[in-house]
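I opened this entry to record what I looked up in the model, one item at a time.

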Amino acid sequence: MNNQTSEQLNEQREAAEQAAIEKRRERLKNESTRIIEIANNESYSALKCIHQLSVAGGATEATYVAIEQRIVVDQDPAGAYHLALLAQNTPDLPIDARQLIELVVNKGDNHQRLALLKNLPLPPVDLIKEQILASDDGEAIGQMNAYLQINPEGYGSHHMLSSGQSDQIVPLSRGNSNN
């Protein structure tokens, strides 16, 4: 009788776990639909969508694609920066991180370029360097040179942290919603 009771408890536990998984899946599907709706209908909503995606704890592939499309349509370097970082940490996302990185380098501000330099595992150092130097922003050039002096290959903070050096991972950028 103990065996039968134990089996019944295991079956009930498995059924409860499966129900919880289904409930979470349904919630993520609903959140994804809502986020896609925002991305499809609100200009410069990428940061809002990325935040809501983070709060939801994930989303469908279509959600990431909708956010990427919003970023490209708006040419939004702040949204591109954050989605590119997300893509670097989650390699199976269905987005083109290179396109996002290029958007930040070409249309973003020096704060965002420096953040890419520090936060991407393998940033496009030469492109970032070229844009920052062309800006004639003495402060940004100084920060870039100081960073590249201790990390000439530009491996990003992930490499430096794992090698025992410390650097601050740059949080959400100050992004301008009118770029």
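I listed the contacts of Thr-63 first, leaving out residues up to four places away in sequence: Thr-63 touches Ser-32, Ile-35, Ile-36 and Leu-53. The model is a predicted one, and I kept that in mind for what follows.

I then checked where Thr-63 sits. Thr-63 belongs to helix H3, which covers residues 61–74. Its relative accessible area is 0%, under the 20% cut-off, so I noted Thr-63 as buried. For its side chain I found a polar contact of 2.9 Å with the side chain of Thr-60.

Next I looked up confidence. The chain has a mean pLDDT of 84, and 85% of its residues reach 70 or more. Helix H3, the one that holds Thr-63, has the highest confidence in the chain, at a mean of 96. The lowest is in helix H9 (residues 156–162), at a mean of 50. I also noted that the pLDDT is below 50 over residues 159–179. Beyond near neighbours in sequence, this stretch still has 40 contacts in the model.

Helix H6 (residues 110–119) packs with helix H8 (residues 138–150) at an angle of about 5 degrees, and their axes are 10 Å apart.

Which residues meet between H6 and H8? From H6 I listed Asn-110, Leu-114, Leu-117 and Lys-118; from H8, Ala-140, Gln-143, Met-144, Tyr-147 and Leu-148. By class, I logged six nonpolar, two polar and one charged residues in the contact of H6 with H8.

How values were computed:
Residues are numbered from 1 along each chain as its sequence is written. This is a predicted model: local features need pLDDT of at least 70, side-chain atom pairs count only at pLDDT 80 or more; totals for chains, interfaces and linings use all residues. Side-chain values use heavy atoms; hydrogens and water are left out. Helices (H or I, at least four residues) and strands (E, at least two) are DSSP runs, numbered from the N terminus. Buried means under 20% relative accessible area, exposed over 50%, partly exposed in between (1.4 Å probe, protein chains only). A polar contact is a pair of N or O atoms within 3.5 Å; within protein, one must be able to donate a hydrogen and the other to accept it, and residues adjacent in sequence count only if both atoms are side-chain atoms. Contact means heavy atoms within 4.5 Å. pLDDT is the predictor's confidence in each residue, from 0 to 100. Axes are lines fitted to C-alpha atoms, for helices over the stretch in contact, and angles run from 0 to 180 degrees between N-to-C directions. Ala, Val, Leu, Ile, Met, Phe, Trp, Tyr, Cys and Pro count as nonpolar, Asp, Glu, Lys and Arg as charged, and the others, Gly among them, as polar.
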